[in-house]
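Student: I would like to go through this model with you, beginning with the ligand and then turning to the charged side chains.

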Amino acid sequence: GVLALSSCGVSQDAPAGGASGAAASGPCAGTNDDAAAAPKELTLALVPSGDAKKLVDTVKPLEAALTDRLGIPVHGVITADYQAAVEAIGSNQAQIGMLPSLQMSQACDKYGAKPVLQTLRKDKSSYAAQMFTNNPSKYCTDAPAPGPNGMLYCNGTGSGDGPAGLDSIAKVKGAQVSMLSPASPAGYIFPIAALKAKGVAVEDISPIKVTANDASVLAVYKGDAEVGFSYWDAREVVKKDNPDVGSKVVVFALTDEVPNDGMSVSGKLSADWQKKISDAMLDYAKTPEGVTALTAIYQITGMKTADVASLKKTQDAAHSIGLG
Amino acid sequence: MIAVAATRGPGAESPSAADIRFNNVSVRYPNGFTGLTDVTLSIPAGQMVGIIGLSGAGKSTLVRTINGLVPISSGDITVGDYTLAPGRRQLRGRALRDLRSDVGMVFQSFNLAKRTTVINNVLMGRLHHTPAWRSLLAAWEKDDVELAMQALERVEIVSKAYEKASSLSGGQQQRVAIARTLAQQPKVILADEPVASLDPPTSHVVMRDLQRINAELGITVVVNLHFLDLARRYCDRLIGLRSGTVVFDGPGAEADEKVFENIYGRSLTAEDVLEAKAEL
Amino acid sequence: MIAVAATRGPGAESPSAADIRFNNVSVRYPNGFTGLTDVTLSIPAGQMVGIIGLSGAGKSTLVRTINGLVPISSGDITVGDYTLAPGRRQLRGRALRDLRSDVGMVFQSFNLAKRTTVINNVLMGRLHHTPAWRSLLAAWEKDDVELAMQALERVEIVSKAYEKASSLSGGQQQRVAIARTLAQQPKVILADEPVASLDPPTSHVVMRDLQRINAELGITVVVNLHFLDLARRYCDRLIGLRSGTVVFDGPGAEADEKVFENIYGRSLTAEDVLEAKAEL
Amino acid sequence: MHARPAKPVRWAAKFLWLVITAIVVAAFWSVRIKWSSLAEFPAEFSKYLGLLFGPPDWSKFGEAFDATILSVQMAWIGTVLGIIISFPLSFLASRGLAPSVLNWPLRALFAVIRAVPEVVIAILILSVTGLTPFTGALALAIGSIGTLGKWGYEAFEGVDGGPLEGVRATGGGTLALIRWGVWPSAQPEVFSFWLYRFEINVRASAILGLIGAGGIGKMLQDNVQFRNWDAVGMLLLVVIVVTMIIDQISGTVRNRLIHGVWEVPLLRSYRRRMSMRRERMEP
Amino acid sequence: MSTAGAGTGPNASGTPRNGLGGPGRAPAGRPAKPKSAGAIAVVVLILLAITLWAGLGIRVDLAAIARNWSNAVANIIQLTQPDYGFIPKTFPALLETLQMAVIATAIGAAVSLPLAFLASRATNPHTPLLRVVRFVMNLVRSVPDILYAAILVAVVGVGALSGIMALVMFNIGIIVKLVSEALDGEDAGAQEAALAAGASWFKADRAAMLPQILPTFASQTLYTFEINIRASTVIGLVGAGGLGVLIDNVRNFFRYHELSMIIFEILIMVVVLEMFSAWLRKRLV
Ligand SMILES: Nc1ncnc2c1ncn2[C@@H]1O[C@H](COP(=O)(O)OP(=O)(O)OP(=O)(O)O)[C@@H](O)[C@H]1O
Ligand SMILES: Nc1ncnc2c1ncn2[C@@H]1O[C@H](COP(=O)(O)OP(=O)(O)OP(=O)(O)O)[C@@H](O)[C@H]1O
Ligand SMILES: [Mg+2]
Ligand SMILES: [Mg+2]
């Protein structure tokens with residue numbers, strides 16, 4: 001085995017042919033397979049950005065609505081692992097994926113999975129990643145003030161439009177920081193890219209790894225970390241169980257805008273079915289029940305057709321910190 | 001016993017098929033130690049031969065060359081129609097297994113599969129004649145089971161047939177080992193110290209068993225012994241080994257104190273045995 | 001040997017401290033089997049006693065009750081100042097260890113720790129007198145090492161002191177076991193079939209060793225034997241066991257064929273031994 | 001004539017000890033750890049014990065129990081498949097039972113499998129069987145092949161040579177040798193490591209929950225993430241009780257197979273062992 | 001077993017038999033073959049039932065394997081092609097994993113050895129203590145390693161320390177189990193001899209049993225070292241450092257050639273350890 005392996009070493013960064021070559025040339029738009037037979041059932045893979053337990057309960061209406069509209073059974077599976085979700089879509093084990101922007105690009109580059117929809121939150125198709133702390137006196141240059149949702153913000157972050165407050169982030173050096181896996185755009189890539197731009201390397205902070213945005217908030221809320229990364233504003237998810245999170249945890253910086261997560265469909269479906277699925281989802285997102293269910297899952301307020309070019313921003317940010 | 005004799009198949013036709021002849025046989029172990037030096041012997045079929053000698057003299061080595069468990073380094077051995085030769089010309093594969101199925105062996109340490117039943121152990125003597133799938137599933141043929149039962153009856157331990165071998169006493173295990181050899185219907189039986197660690201009456205019983213098998217079934221018996229009185233009493237012929245060479249070969253009656261002293265390199269009872277200890 | 005004698009500490013003062021007395025001793029094993037029945041015996045200090053009997057007669061059981069390895073069920077045994085009693089009154093803890101340090105045992109299967117050196121095995125005999133931390137670190141006291149070396153010299157195997165026990169031949173291992181017992185400086189030596197599986201000359205050497213230790217150091221020796229000639233030749237006194245009861249007790253010279261037949265329940269050499277086999 | 005030998009100095013052993021000590025010291029010395037934080041450990045630990053068990057949150061017990069059972073099922077199928085595949089391969093990997101052209105590639109295969117992390121195995125498999133517990137079971141099965149295969153050939157090569165010789169001397173072929181010379185001796189050891197691997201798989205299935213295979217791992221991870229310590233405490237108790245019950249059952253089965261008695265390991269008495277030992281020593 | 005031992009006691013049936021004498025000896029009756037087939041069938045049925053139950057529970061779908069096996073091929077091929085250029089970047093993580101594994105193995109082995117002696121019936125005659133130790137060890141073993149890591153990360157914070165502590169707990173479970181089982185199976189003759197010479201149990205265990213299980217102990221310790229290296233992938237999942245974090249990083253960006261390189265490095269360590277273990281065993285036995 002040893003010999004066999006060593007005889008065929010390759011360089012990771014040499015273009016290996018196939019779909020991955022697309023990364024270098026412009027944005028990936030995905031493929032379809034019109035020869036494919038109509039699917040008899042569909043699997044929807046969701047990567048949780050919130051409490052997966054709640055996701056299980058809120059995913060039921062979504063399953064039902066899609067089943068109803070498509071006429072074949074659709075069932076949702078939650079995986080906490082980004083790579084697992086992408087591989088599942090790539091191999092047509094899951095046909096629909098609710099994925100963060102980076103994984104949408106990856107699934108497209110690697111397996112031709114078509115990015116069809118992007119979510120809208122408060123009518124925005126992008127959002128900022130935030131940095132927050134339980135030690136505002138260290139990171140805030142002005143007094144924290146309540147934003148529209150009643151939670152505390154400083155350094156001009158209350159609007160939710162990034163970038164903001166990035167001048168104070170150099171102080172993060174040496175702190176305990178809760179962050180998500182390196183594949184998370186808001187929980188890792190954009191904040192780390194912002195820190196790098198200010199001269200703080202990953203090695204300069206001590207990371208506490210969590211796998212969901214609200215867990216990152218909780219880590220700071222409970223004092224396990226001094227600073228945390230998440231999307232804006234993940235504190236709202238935590239607020240239900242911990243009403244004082246808005247006063248104990250203060251947001252002090254916002255990164256560049258991150259393209260919203262969205263929905264990819266397998267490239268092994270016919271264009272016809274890809275469209276059917278995307279239409280069904282769009283249609284559902286317009287109904288009142290749809291809005292309620294989607295809000296419960298991801299605070300989504302609507303859906304729109306994916307902006308393939310914007311998705312690429314995440315990949316570029318990842319490249320800037322030596323990932324991807 | 002008659003039953004066993006009666007069921008001996010066509011393989012038993014000519015006892016002369018089992019003459020054993022050593023021609024200038026030497027054995028060198030892989031570590032360079034010489035176990036046997038230039039041994040030339042002829043054991044006619046149907047004889048009962050005892051081999052005696054000090055511990056380490058090469059008794060086990062001699063006996064084990066006969067069924068190829070120890071490969072020889074020079075010379076050759078013929079056992080019936082088979083020839084054991086050194087090196088490249090070694091007997092192997094099918095031919096070696098054929099030879100071994102003709103030569104039964106009783107080991108000093110019994111070499112039973114302790115965790116399986118007595119009858120399964122005895123049936124191992126039939127493995128040579130059993131198709132692979134049968135042996136795999138332990139789906140023994142009726143005839144073979146019958147043969148094994150008769151062998152157990154012969155050594156009078158049939159009542160333990162379905163007990164685990166590990167639950168038997170040493171003497172009982174030794175009998176199972178003999179039964180396994182009988183079930184094999186061999187032309188030659190090799191026995192490596194079959195009575196070590198048995199009490200005197202039991203030792204006599206086992207030796208007598210071997211003697212009867214030899215006399216009644218005409219099977220050649222080669223037996224290693226530490227007990228001179230047993231050797232003299234039960235064997236037609238004694239072969240004395242010392243440091244891998246034959247130093248005595250003759251009828252038991254001829255083997256007197258002098259001969260033993262020669263074989264063992266010292267007096268057996270003298271007061272000065274302490275002096276001899278250094279050799280051990 | 002003189003050296004060993006000379007280093008015998010104050011513990012050796014009065015040999016009479018090691019008289020062994022059995023009073024109506026019975027042993028019932030946990031599974032209900034009765035190993036000894038109502039044995040009454042007295043072995044004065046300094047005697048060399050051989051115990052003979054069929055396999056399973058209770059020889060090992062008898063010997064093992066003396067150092068408490070097998071607990072007795074009724075009666076009592078006194079060994080010097082110690083009394084072994086059944087049940088609640090059992091000797092245990094410190095007192096039992098004190099008794100055992102006075103009683104050396106040579107096991108049939110040698111019971112050496114094969115993976116450590118010969119000298120470490122011999123030094124096990126000194127464990128009773130070694131503080132726990134020293135035994136933990138194997139930081140043996142000089143005097144103890146000296147004693148162990150002398151014991152090895154006595155059985156003439158000192159040249160192997162630093163070899164692994166597993167690399168020795170059977171006879172050599174038996175001597176190491178004896179040396180371990182000697183290093184213990186006991187008042188009594190119990191030997192459970194110390195010559196089984198040794199060749200005749202070696203057996204004589206071991207028996208003579210025991211005899212000399214008995215004669216020169218005044219140590220009581222109780223030895224289990226399967227070999228009648230050895231028993232008769234080397235022991236002051238023979239005790240015959242059958243089914244857990246004493247059926248003979250007298251000097252070796254008195255033990256003739258008749259006595260043996262009684263002990264073994266059958267003739268040793270008769271032609272009808274086959275009849276007796278069913279018992280085994 | 002019998003000079004006392006000088007106490008030999010084992011240079012190789014001394015050197016080996018020196019190297020090992022040096023490696024350990026170097027590791028302690030170089031690792032980036034604030035050893036001082038150990039001082040707070042007892043206080044911190046008791047605080048968390050309080051959070052975990054003071055008292056546990058039993059509200060999700062039903063769900064936890066179901067998830068644990070699913071993990072056990074995954075582990076069972078994983079173990080059974082692992083055994084079915086590794087068992088014949090182990091024989092082929094044993095020196096003396098199969099030609100060395102087979103031995104070496106198989107040993108290499110076992111080593112490769114052991115080198116690949118379970119998560120990676122699981123992700124390769126999920127592209128075949130999807131985000132299901134079955135994927136988890138297959139991942140455990142493949143992981144099991146690596147260890148069971150290795151333990152297998154070690155056990156088969158380690159069997160007592162006596163019975164092997166016994167079979168050889170009757171003229172039996174290789175298959176007979178395996179069936180009657182190797183298997184009866186290796187059997188108890190093999191059974192016991194099958195059971196042990198099952199135990200490992202029950203615990204390893206916790207990791208596979210993360211990738212969507214289901215079972216207790218997902219629940220554990222979620223609750224740890226959100227610092228629901230009382231729920232973690234409950235999960236911990238469920239896992240411990242279930243695995244301990246399995247352990248006792250398998251131990252009882254093992255006692256039956258090896259010693260021929262039905263006995264629950266935690267209750268087995270000492271006296272029993274002593275009498276069994278005596279019998280072993282005196283055939 | 002024990003009943004068979006009593007039954008074979010020769011003197012049980014010996015004396016009366018002898019009286020028979022004469023040529024007309026009754027042939028010992030053949031015993032009937034015990035009906036073990038029924039028991040075996042029951043066991044097989046139970047095992048099948050459990051397997052069926054488990055199979056239904058996890059929804060076994062063998063057809064999917066036949067249908068989709070080719071899906072994994074491309075990734076597996078990538079995994080067989082390591083990117084050697086990646087080696088230098090793995091060094092810090094590799095070093096940290098090795099440090100953690102060495103420290104955890106050293107502490108684990110040192111703590112386990114006395115515990116193993118306390119957990120074996122062969123070396124600990126004190127039944128209540130034995131049960132307590134065994135119970136605690138069962139407890140220690142039943143907690144999943146990932147949970148140790150997760151809880152310790154919460155207790156002592158992120159980093160090598162919590163990783164090491166998790167590995168130590170894990171190691172103690174393994175070594176104590178395997179070594180105490182080896183002790184149970186070890187020939188206790190030498191220990192009996194030491195006891196018969198008046199040694200206490202402690203001394204007899206030290207002098208007679210320790211050398212006997214040293215090869216087992218050494219090989220199990222090396223085995224746990226191997227496990228520690230592999231477990232670092234799990235430990236890394238919760239942020240305890242080492243190769244695990246690196247693996248997470250590369251696999252999330254589908255850098256399979258780099259992942260392959262890491263696996264290759266682990267493989268080398270596994271093989272070297274196995275060879276060393278075999279060599280050491282041979283030396284010690
Ligand atoms: N596999 C082996 N490799 C090297 N030397 C061996 C091997 N087997 C036996 N010997 C050596 O060959 C010599 C003869 O051994 P053998 O077993 O034939 O003696 P023996 O006469 O049967 O002795 P015993 O009465 O002790 O059984 C001994 O010195 C022994 O050490
Ligand atoms: N631990 C035990 N439990 C039950 N029965 C036992 C035990 N140990 C020995 N026995 C039985 O007690 C009887 C006497 O055994 P013992 O070992 O004393 O015999 P022995 O005279 O030494 O025989 P041998 O010559 O075979 O060594 C035997 O029948 C044996 O089966
Ligand atoms: Mg021999
Ligand atoms: Mg005995």
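Tutor: Ligand 1 has a shell of 13 residues, where a residue counts as near if one of its heavy atoms lies within 4 Å of the molecule. The closest are B:S55, B:G56, B:K59, B:S60 and B:T61. The model is predicted: local features need pLDDT of at least 70, side-chain atom pairs count only at pLDDT 80 or more, and totals for chains, interfaces and linings use all residues. Residues are numbered from 1 along each chain as its sequence is written, chains are lettered from A and ligands numbered from 1 in the order in which they are written, and side-chain values use heavy atoms, with hydrogens and water left out.

Student: How many residues of the shell around ligand 1 are nonpolar, polar and charged?

Tutor: Ala, Val, Leu, Ile, Met, Phe, Trp, Tyr, Cys and Pro count as nonpolar, Asp, Glu, Lys and Arg as charged, and the others, Gly among them, as polar. By that grouping the shell has four nonpolar, seven polar and two charged residues.

Student: What share of the accessible area of ligand 1 does the protein cover?

Tutor: On its own, ligand 1 has 630 Å² of accessible area (Shrake-Rupley method, 1.4 Å probe). The protein covers 65%.

Student: Which residue forms a salt bridge with E:R134?

Tutor: A salt bridge is a side-chain nitrogen of Lys or Arg within 4 Å of a carboxyl oxygen of Asp or Glu. E:R134 lies in helix α7 (residues 127-142) of chain E, and its partner lies in helix α9 (residues 160-185), so the pair ties together parts 50 residues apart in sequence. The N to O distance is 3.3 Å, and the partner is E:D184.

Student: Is E:D184 buried or exposed?

Tutor: Buried means under 20% relative accessible area, exposed over 50%, and partly exposed in between (1.4 Å probe, protein chains only). E:R134 is at 17% and counts as buried. The relative accessible area of E:D184 is 17%, which makes it buried.

Student: How many salt bridges are there over all chains?

Tutor: Another is B:R134 with B:E141, at 3.9 Å between the closest N and O atoms. Over all chains, the count of salt bridges is 36.

Notes
Helix = DSSP H or I, 4+ residues; strand = E, 2+ residues; numbered from the N terminus.
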